[in-house]
Amino acid sequence: MKRARRSERGRKDYRDRLSDLPDCVLLHIMKFLNTKQAVQTCVLSRRWKDLSKHLTVLTLHSSDFSSIGIFRKFVSWVRSRRDPTISLHNLDLRCEGCVEPKLLDSVMRYAVSHNVQQLIIEVELHYKVGFMLNPCIFSCPSLTFLKLSMWAIPYMTKVPQSLVLPSLKSLHLEHVTFSTSDNGCAEPFSTCSKLNSLVIGRCYLQCDAKVLRITNSNLSNLTIDSTITEKAYKIVLSTPNLSALTVLGDPIHELSSTFNLSLLEEVNIDIDTIYHRSSWKTVMALVNWLHVLAKYVKIMTLSSSTLEILKVVSTPGLVITQPPCFARLKLMKMKRFTDISDEEVRRIVEYLLQSSIRARFVIIPATKSDMHT
């Protein structure tokens, strides 16, 4: 009898404390799950049955599913089942296989109509004649963060001449084409009044135009990633508040600035030499970027692969161009890998800093992750 009473008392003391929490707390916990896991909580008890209908964060990754077909059906099912009266804070859609343009279009429309604030789309698009990326995403008033990375035929992912994104603070664009005006110039960012951080990678200009003007009075952090597969154009910086610039890939584009970049503190250059160790085109492009940035930068970091390119310009007896004159440089950081000798480092330093007597340099050991192989 005593044992039975203890067992009964234990059952009374036992409670599902997690399910006793209010909806807002449970939904906050579910934000840290991907959407597939969040939906699966419905089997826990009646208490959880309909909670996933009220999710404000959707994380939809094809890697969580056994096939692309099942993933597509799940994405459509989630949209049809979710409470349409609730705003959508974050949507993260990533697919390692090809996505039908129709599905992508419907997801983007859904996100915009539900006042999405943060949107990530990383997909590979199936080719379809006549398909163009839905422009609604580039005029969404609620967006504060947008990342679009779309492997597709470039003209399928066209960005309008001007982005109408008044709340946008961070923008990341990969594999897109910028529309140009009648003067052959693309200038898409000037109307994004709150834009603080911009990343553009492997992007094109419509009709092989020649100028991409990055105009924004608020922008402080800029990353430019290029590859040799792109057609070269001129990048003009009109960014008076720029404080940090990262250059990745292959600097095939010419650089210039229409403003005094007096607030530019740091520049990080990481040239990818996977295709060519010492291409003359790459060498000259890098020298151009250094000449433009040398007037303003205070701290510059050069990757080990970038030093490989600079070994060419610092070769004794080789006259290539005047070295850059770093007017405000305080510190040069060099990531050195073991196959760059002390003598080669010394020559690079002498070439870069011969007109910069106040600057000092430090050598940072490069890791394998810093090397492009």
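In helix 8, the residues Glu 344, Val 345, Arg 347, Ile 348, Val 349, Tyr 351, Leu 352 and Leu 353 are buried, meaning under 20% relative accessible area with a 1.4 Å probe and protein chains only. This is a predicted model, in which local features need pLDDT of at least 70 and side-chain atom pairs count only at pLDDT 80 or more, while totals for chains, interfaces and linings use all residues. Residues are numbered from 1 along each chain as its sequence is written, and side-chain values use heavy atoms, with hydrogens and water left out.

The cover over the buried residues of helix 8 includes helix 6, strand 17 (299-302), helix 7, strand 18 (331-336) and strand 19 (360-365), where helices (H or I, at least four residues) and strands (E, at least two) are DSSP runs numbered from the N terminus.

Two of these covering elements also meet each other: Trp 280, Thr 282, Val 283, Leu 286, Val 287 and Leu 290 in helix 6 are in contact with Thr 306, Ile 309, Leu 310, Val 312 and Val 313 in helix 7, contact being heavy atoms within 4.5 Å.

Turning to a loop, Asn 216 is placed between strand 11 (211-215) and strand 12 (221-226), and because its relative accessibility is 3%, Asn 216 counts as buried. Beyond its neighbours within four places in sequence, Asn 216 is in contact with Phe 189, Cys 192, Leu 195, Ser 238, Thr 239 and Pro 240. With Phe 189, a polar atom of the Asn 216 side chain lies 3.0 Å from the backbone oxygen.

Notes: Buried < 20%, exposed > 50% of the residue type's maximum accessible area, 1.4 Å probe, protein only. Polar contact = N/O pair within 3.5 Å; in protein donor to acceptor, adjacent residues only side chain to side chain.
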